[in-house]
Amino acid sequence: MSYVTNLICRECGAEYKTQPLNVCEFCFGPLEIQYDFTKIKKDVSKKTISNGPNSMWRYSQFLPVDIENAIDIGTGFTPLIHAKNLGKQLGLDSLYIKNDSVNPTFSFKDRPVAITTTKALEFGFEVLACVSTGNLMGSVAAHGSKANLETYVFYPQDLELSKIYGAAVYGSKMIAIEGNYDDANRFCSELSDIYPWAFVNINMRPFYAEGSKTLGYEIAEQLGWKAPNHCVVPGASGELHTKVWKGIQEFIDCELIENVIPKMHLAQPEGCAPISSAFNSNSRQINPVKPSTIAKSLAIGNPASGPYSVDVLNQTHGSAEIASENSIIDSIKLLAETEGIFTETAGGVVISSLKELVKKGKIKKDETVVAFITGNGLKTLESMGEIKENTVSCMPNISSFDLVKSNFKI
Amino acid sequence: MSATVRIPTPLRKVTNGADRATVEGNSISEIIESLDNQFPGIKKRICEDSGELRSFVNVYVNGDDIRFSDGIHTSISSGDEISLVPAVAGG
C-alpha cells in the first residue's frame, strides 16, 4: 500500500487529488506529493528498512507507488565507497563516493524512472515519453521495455552517440530535436497538452521527482544511519539537489537519523551555471542561459527547480560551485586513477567542485563528505579526446615491448 | 497587431476550454491585458500583483524565450505565435 494522501502546490499550497498532474492551475507552481508521515513513522524502523530488498524498493513506504506493482530492473542501493586514495590527495579523512553510475542504465535516472513507470501503469497509460539530456532517455527506454509500454524520447540533436545508442537499443522511438534541451522541453510541454502520454518529466513529474529521494536515504543508511557533514551534488534542473536534501530531511523527521544538517553543495559547469550564478549573486530568480558545456547532462539553461535549489543552499549553508570547463576532464581522470571509477562529465564537474571546496577551506579534513557520481564515463567518451600519453602500439615480440616500455613517460 | 496565444491545459478552465486565442497588442504586456479582457481572471493566474510574470511561467514568442529578449516588454509582430508554458524539470 502507498502512504500518499494527495498532491499539493509548492507555491500556494492548493491541494489536488493524486493524478498525473504537475502544475497548479492557480499559480503555475509545481505540484508535490504529500504523505501521511504519522503513519510512516509508526510503520517504518531501521529494522524494517534493513530487512527490505537490496534496491531502492527498501524505502517503498516513502515512495508514491505500491511495491507490489514495482517495475524493477535492479535499481538502487548502489555502493557508497570510502575514497581513501582521492581523500588522501585532497586532504580528507572521510570522503565517500556515492557511485550511482552502476544502476541498470548507468545513471541515477533509473531511480525516478522506476517510480514513474510503475505509476504510469497504475494510471493506465500506454505510452511513456520524455525529454532528455541523455541519461533519462536510456532509462525511460529500458523501463518501457520491461513494462511493455511504447516509448518516445526527445533529445537535443548534438547529444553524445553512446547516449543515443543507449536508448535506441531498447526499441524506443527516437526524436532528435533541432535545438537545445530547453527548446525540446518547451516543445514537449506543448505536445503533452495534445498527446495523452505519460511524459515522465512533465505530467508525471511529481511522481518522477520522488525517486531521487532514495539517494538521500541510501547514503544516510550506508553511513551507519547518519547524515554526512557535506554533500556535493551536480546541478542541471536543480531537482536532484533538492530531492537528496528532502530524503535526508524525511529521515530526520522520522527519527531514523539524528538532526544533523549536511551542507548541500551544488556543482555546475562554467558553460551552464544559472543556479550557482543566481545563488552567488544573492538572488532566487534564475536568469536562463544558452548552455555551452561539455557536461551535456547538466546543460539545462532554464532550470525549473532552480529557485528551490537556491532555497536548499540557503537553508543548509551550502556553496554553489562553478567548475571551469578545462577542469572537467582532468577531474574525471583523477577519480578514475585514484578510485577506479570512470564517471561521465557531470561527475567531473562534481570532483572539480569538491577540489575547489577543499581548497577554499569550506570542507575540513575530519568532516564526512559524500560526492555524488551520477553517470557512467562510457556515456561521454567523445568528450575525453584522444588518449595519447599512455597509449603505444607494439609488435607482438619481447624486444619490441622492451623498447616501448622504456619510452613510457608515466 | 494580431497574434495567437497557445493556452496550456492548466489555464483552459478560464478560457472555457479554448486551446488558443487571437489577441491584439504590440508587446507581451499588452497581449496579457488583451487576453485578460477576453478571459477575465487569466492575468491573475500568470502574473504577480506587481504585473511581473510568475516565476514558474515561461513565455515564448515563436519558440524563443522572452527572457532572452525584453521580457514582458518584448515587441510582437502580426502573426506571431505566443506560448505560455509551465516550467518543467528535466534531465
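## Fold and dimensions of chain B

In the predicted model, chain B is built from two helices and five strands, and these elements follow one another along the sequence in the pattern β-β-α-α-β-β-β. The radius of gyration of chain B is 12 Å, close to the 12 Å that the globule rule gives for 91 residues, so chain B is as compact as a globular protein of that length.

Taken along the principal axes, the box filled by the C-alpha atoms of chain B is roughly 35 × 30 × 25 Å. Of its 91 residues, 38% count as buried, and among the contacts in chain B with a separation of 6 or more, 52% come from residues 24 or more positions apart.

## The contact between chains A and B

Chain B contributes 24 residues to the contact, whereas chain A contributes 37 residues. On the side of chain B that touches chain A, the elements giving two or more residues are helix H2 (42-46), strand S3 (57-61) and strand S5 (81-86) of chain B. By class, the residues on that side of chain B comprise eleven nonpolar, seven polar and six charged.

## A six-stranded sheet in chain A

Chain A holds an open sheet of six strands, arranged in the order S4-S5-S13-S10-S11-S12 with mixed pairing. Strand S4 (80-82) and strand S12 (320-323) of chain A stand at the edges, and because each has a single partner strand, one side of each is left without a neighbour in the sheet. From one strand to the next, the twist averages 25°.

Within this sheet, strand S10 (residues 230-234) and strand S11 (residues 263-269) of chain A pair in the parallel sense over five bridges. For A:Pro234, the bridge partner in S11(A) is A:Ala267.

## Packing of helices H13 and H14 in chain A

Helix H13 (residues 325-339) and helix H14 (residues 345-359) of chain A pack with their axes 7 Å apart and at an angle of about 90°. Since angles of 65 to 115 degrees count as roughly perpendicular, H13(A) and H14(A) are therefore roughly perpendicular to each other.

The residues of H13(A) that meet H14(A) include A:Ile328, A:Ile329, A:Ile332, A:Leu334 and A:Leu335, while among those that H14(A) brings to the contact are A:Gly347, A:Gly348, A:Val349, A:Ile351 and A:Lys355. By class, the contact of H13(A) with H14(A) has seven nonpolar, six polar and one charged residues.

Conventions:
Residues numbered from 1 in each chain as written. Chains lettered and ligands numbered in written order. Predicted model: local features only at pLDDT ≥ 70, side-chain atom pairs only at ≥ 80, totals over all residues. Pairing = 2+ DSSP bridges. Helix = DSSP H or I, 4+ residues; strand = E, 2+ residues; numbered from the N terminus. Axes fitted to C-alpha atoms, helices over the stretch in contact; angles between N-to-C directions. Contact = placed C-beta atoms within 7 Å. Nonpolar A, V, L, I, M, F, W, Y, C, P; charged D, E, K, R; others polar. Parallel < 35°, antiparallel > 145°, perpendicular 65-115°, else oblique. Rg over C-alpha atoms; globule rule 2.2 N^0.38 Å. Buried ≥ 20, exposed ≤ 12 C-beta atoms within 10 Å, placed from the backbone.
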